[in-house]
Amino acid sequence: MSLAKASQVSAMLRDLMLGLEDPEGFFCLCLSALGERDTRALFLDLIKPLASGHIQLYSQLTTIFFNYFSQGDEEALEVAIALSLHETTYRDDPPQSSSSDQLAKEALGDSQAGDPKKPIKKECPLKDTRPQRTTTMIKRENNSDSSSCPADDESKNHDNMIHSVKPKMSRRHRQRKKQQLMQNPSAPRPVLLWFRRDLRMWDNPALIGCLELGAPIIPVFLWNAAEEEGPGVTVATGGASKYWLHQALVCLNRSLEERSSHLVFQRAEPSSLAALQALVAETGAGAVVATALYEPWLRDRDDSVWAVLEKQGVKCHIYHSYCLRDPYTVSTKGVGLRGIGSVSHFMSCCQQNSGPGIGTPLDAPCILPTPLSWPQGCPLTQLGLARMPRRKDGTEIDWAVNIRQAWDFSEEGARARLETFLKDGVYRYEKESSRADAPNTSSLSPYLHFGQLSARSLLWDARGARCRPRKFQRKLAWRDLAYWQLSLFPHLPWESLRPPYKALCWSLDCAHLKAWQRGQTGYPLVDAAMRQLWLTGWMNNYMRHVVASFLIAYLHINWQAGYRWFQDTLVDADVAIDAMMWQNGGMCGLDHWNFVMHPVDAALTCDPYGNYVRQWCPELKALPDDFIHKPWKCPSSVLCRAGVVFGQNYPERIVVDLEERRAQSLQDVTLVRKRFSEYVCQQTGCDLVPLPAKLVQDAMGSGNDIVRHGEKEFLLPVITRMEFKHEPEDTDTHDNPYSAVLKGYVSRHRDEKIAFLNERDFTASVMYENAQRRERLERDHCILEGLQCPPTNKGKGQHRNVRPASGAVQKR
């Protein structure tokens, strides 16, 4: 066998292992490349490397080989002609190198596989330019359209030769020969690829794992609302996130169709286990492959499903790719518990107890092996993910129209947004990620939540950026930290981790809560952020801090109400992340935020020129920069020229004295800490939190970090806000040197300017009114005397510093 043929067969063998070719197609291509004599002599030796790691493929190819050469010479020639019409592409186009090729080399024992010095190919065409599998070959043979033939003369001669032989075989005879190859007793049973999240083709270990099994793949998506929702008031699947899921499934199905497959949708009633059992019975599937989920109630469900299926003889393969680290494998051993809840402590735990390496992203397969028959499914619309309410007259209320306009729900849209961010916004992220008036954040959180972009590929690409912003990379660590906390504290979404704060006195004012939800608080920055959330399903992280601080510290409404609203309206609603952040903001999580965002002064940091407020609160767009965030301080004449009328087109403030409200919040915390003093460390003033058994077991070597309380409970001092530790007799925030309220970039010059503008505007208004009065008197006098009226000078009598009615703003 020549060197060229050996290289060609090796390339075809790699494609077989990665699922780019099916076994019978590979056998036919070998027949075309080597000829019948060399195939009979060399084929079994060529496929020997599969005997160790790919037993099913090896068995299937061996059966095909013996079935073929046990036939008569005439029948073998007919099958070879029928199944090898389009093999010439391999002779002209050498296979492209990719990271998937590295996996194939490792499986074949190549010593150079996985060399970190070699560049990793990140792109792969969505459609395979090489021949499709055998069924496609048969269809193309029966199609006489000349447009499907190659353009070069050699290919034309080859086609003419084949067409001259073609009449010797009837279609029924060819189909019978094909079935002889397909229906052999050793053919592998199909594999059910259970999509839950990780709705992508690129860097999907579960998908690649299916290909390595060497069996037909049946992608399925099962939906059981009760299982997904979670216990109690978790609200794991809100309206906005379910709508995104619906659109993401449409895009995923399109990607699968481009690879000769499709997604089977089913309502998992009465349970996911029952639905999987029915699919196994209908398809004869021998394995189920899925990506692990880490929410406690979903993990418990999955464990029971895997146990039952394994007892019934169905192999279950679970891959971890949703987070960078499996949260159930993170240990505090060797690190201790001091500082638990912070991302620095979590990263130290991961470094001290390193698990399997993160690895490199995987290329998307170009084609998927399909079964002979597909199971019964249902239309995606029957799952009810994107159900729209209807009015009394029957018309539909399309509440998601703005969400559709704001987002590209596809995997390609995720990669395009990432590339745009890495080319531009990432260079400002380190210092300006708080800005709401500029696209300095990646906006990738929805794609990460639904797995349309893997955390591993995001980290890989972020590390490849020239500036390598560590702050951006740490966001992925925060994400993993949230899932770790949820694995330790399953009640995180509804129960405060710090016992004293369960007794806090919260406001039950429903009018205040509704005003906050709809962006009608009278505070422009808060209103702009909440309106953006309502219309697009998203806001950046800094703005989430702003609206959370306003709800908790100034409206005195329980953090759980904010958590539930976010879960319903965010397209990236994530139970672990939202629960952890709202608990921290609500003063009862493992990590106290040592700051409170002031609803006015924080705007000087994130929206200094008011562009963000003008975008989402257009009724205020004509106000000057210095008044855009505090319109209640604006002179009445400026408000009149800007067309702002409080109580009509813009609401009055729902709370007025912010300092008093903030002082009351601090006093409430001080009282509950004194009431439950057993949960406060007398030496440090830190709050004490009961530990779960797993943490206690991991940290037994660090006994100094643990305070034993009673017989069964272990208490740990955790991070506590400085202003809570400092408890003066007078709890007024003005007397607390550790006040956590962030004032933003406040300058005395700006406050003095506002005062000056107020005084100047009053003087200017009086001068302007006097000038107008003189002009009217003079005009009336001329009319009475029959004299010609003097020309009106538009600028006469108007103070030169008075803003024009248009409210145009010049940026300094």
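Predicted model: local features only at pLDDT ≥ 70, side-chain atom pairs only at ≥ 80, totals over all residues.
## Helices α20 and α21

Helix α20 spans residues 455–464 and helix α21 spans residues 470–488. Their axes come within 9 Å and cross at roughly 160 degrees. An angle over 145 degrees counts as roughly antiparallel, so α20 and α21 are roughly antiparallel to each other. The crossing of this pair is left-handed.

On the α20 side, the contact is made by Ala455, Leu458, Leu459, Ala462 and Arg463. Helix α21 contributes Phe472, Gln473, Leu476 and Arg479. Sorted by type, the residues of the contact of α20 with α21 are six nonpolar, one polar and two charged.

## Helices α25 and α26

Helix α25 (residues 559–569) and helix α26 (residues 575–585) have axes that come within 10 Å and cross at roughly 150 degrees. The two helices are therefore roughly antiparallel to each other. The crossing of α25 and α26 is right-handed.

From α25, the residues in contact are Trp559, Gly562, Tyr563, Phe566 and Gln567. They meet Val575, Asp578, Ala579, Trp582 and Gln583 in α26. The residues of this contact divide into six nonpolar, three polar and one charged.

## Helices α24 and α30

Helix α24 covers residues 541–554, and helix α30 covers residues 658–675. The axes of α24 and α30 come within 8 Å, with a crossing angle of roughly 70 degrees. Angles of 65 to 115 degrees count as roughly perpendicular, and α24 and α30 are therefore roughly perpendicular to each other.

Ile552, Ala553 and Tyr554 form the α24 side of the contact. Leu658, Arg661, Arg662 and Ser665 form the α30 side. By type, the residues of the contact of α24 with α30 comprise four nonpolar, one polar and two charged.

The structure holds 21 salt bridges. One of them joins the side chains of arginine 498 and aspartate 687, with an N to O distance of 2.8 Å. This pair links distant parts of the chain, the two residues being 189 residues apart. Arginine 498 lies in the loop between α21 and α22 (510–518), while aspartate 687 lies in the loop between α30 and β7 (688–690).

Buried means under 20% relative accessible area. Arginine 498 has a relative accessible area of 0% and is therefore buried. Aspartate 687, at 0% relative accessibility, also counts as buried.

## Other salt bridges

The side chains of arginine 200 and aspartate 198 meet in a salt bridge, at 3.2 Å from N to O. Both arginine 200 and aspartate 198 are buried.

Another salt bridge is formed by the side chains of aspartate 437 and arginine 435, at 2.8 Å from N to O. Partly exposed residues fall between the buried limit of 20% and the exposed limit of 50%. Aspartate 437 has 21% relative accessibility and so counts as partly exposed. Arginine 435 likewise counts as partly exposed, at 21% relative accessibility.

## Salt-bridge network

Some charged side chains are joined in a network of salt bridges. The residues linked in this network are Arg196, Glu227, Glu228, Arg301 and Asp302.

How values were computed:
Residues numbered from 1 in each chain as written. Heavy atoms only, no water. Axes fitted to C-alpha atoms, helices over the stretch in contact; angles between N-to-C directions. Helix = DSSP H or I, 4+ residues; strand = E, 2+ residues; numbered from the N terminus. Parallel < 35°, antiparallel > 145°, perpendicular 65-115°, else oblique. Left-handed = near helix turned anticlockwise from the far one by under 90°. Contact = heavy atoms within 4.5 Å. Nonpolar A, V, L, I, M, F, W, Y, C, P; charged D, E, K, R; others polar. Salt bridge = Lys/Arg side-chain N within 4 Å of Asp/Glu carboxyl O. Buried < 20%, exposed > 50% of the residue type's maximum accessible area, 1.4 Å probe, protein only.
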